[in-house]
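Keep the viewer open as you read.

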Amino acid sequence: MKSKKDRKPESFITQPKFPGGNKAMDQFVSSNLRYPEEAIENKVEGTVAVDFDIDVFGNVIEAKIKHGIGYGCDEEALRLVKLLKFEKKKYQGMRVVFHRSINIHFRLHSASVKPVQGNQIQYNFIPAKPDITGKDKESTKSTTYTFNINLGN
């Protein structure tokens with residue numbers, strides 16, 4: 001049997017967690033994402049990979065693009081990452097910096113507009129499916145919203 005001196009100490013330094021876990025972080029990113037106008041005009045879709053550092057207070061202190069797609073998406077990904085706030089932990093007075101990375105997915109929504117009868121327009125809107133990775137992956141159903149707009153008369 002090992003004495004107390006011979007046993008390995010358990011690590012007291014653990015990665016900071018986003019409140020609510022990865023699923024909550026994905027939801028935060030998707031709800032705060034503002035698709036850049038330039039990317040919409042040029043029909044740009046893709047994934048931006050961002051490396052970032054977290055201090056002991058749970059703040060993102062530095063972020064840089066690992067792989068970008070341009071058209072304003074890189075800047076938007078950096079803005080989103082800097083908004084992230086992780087749980088604060090104590091590390092016995094040590095100043096610890098954690099390194100993490102995240103993929104932010106930019107997907108355009110599918111939409112179609114067709115004339116119906118007389119002065120009406122039918123607008124079909126299919127939202128992009130969220131791209132959730134990791135253990136919290138859930139199946140998502142595709143939903144189509146149809147709007148009939150009466151143009152008067």
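In this predicted model, E37, E38, E41 and E75 together form a negative surface patch. Which helix gives the most to the patch? That is helix α2, residues 37-41, with three residues.

Now turn to the aromatic rings. Searching the whole structure brings up four aromatic pairs. One of them joins F18 and F28, whose ring centres are 5.9 Å apart with planes at 50°, so this pair is tilted. F18 belongs to the segment before α1 (21-32), while F28 is in helix α1, so their pairing ties together parts that are 10 residues apart in sequence. As for cover, F18 counts as buried at 11% relative accessibility, whereas F28 is partly exposed, with a relative accessible area of 24%.

F52 and F86 make another aromatic pair, and this one is stacked, with 6.0 Å from centre to centre and 25° between the planes. Here the link is between distant parts of the chain: F52 is in strand β1 (residues 46-54) and F86 in the loop between α3 (73-83) and β3 (98-106), 34 residues apart.

To put the rings together, select F18, F28, F52 and F86 in your viewer: ring pairs link them into a cluster.

Note on methods:
Residues are numbered from 1 along each chain as its sequence is written. This is a predicted model: local features need pLDDT of at least 70, side-chain atom pairs count only at pLDDT 80 or more; totals for chains, interfaces and linings use all residues. Side-chain values use heavy atoms; hydrogens and water are left out. Patches are made of residues with over 30% relative accessible area and no salt bridge: like charges are joined within 9 Å, nonpolar side chains (Val, Leu, Ile, Met, Phe, Trp, Tyr) within 5 Å. Accessible areas come from the Shrake-Rupley method with a 1.4 Å probe; for residues, only the protein chains shown count as cover. A salt bridge is a side-chain nitrogen of Lys or Arg within 4 Å of a carboxyl oxygen of Asp or Glu. Lys and Arg count as positive and Asp and Glu as negative; His and the chain ends are not counted. The place of a charge is taken as NZ of Lys, CZ of Arg, CG of Asp or CD of Glu. Helices (H or I, at least four residues) and strands (E, at least two) are DSSP runs, numbered from the N terminus. Rings of Phe, Tyr and Trp (its six-membered ring) pair if their centres lie within 6.5 Å; planes under 30 degrees apart count as stacked, over 60 as edge-to-face and the rest as tilted. Buried means under 20% relative accessible area, exposed over 50%, partly exposed in between (1.4 Å probe, protein chains only).
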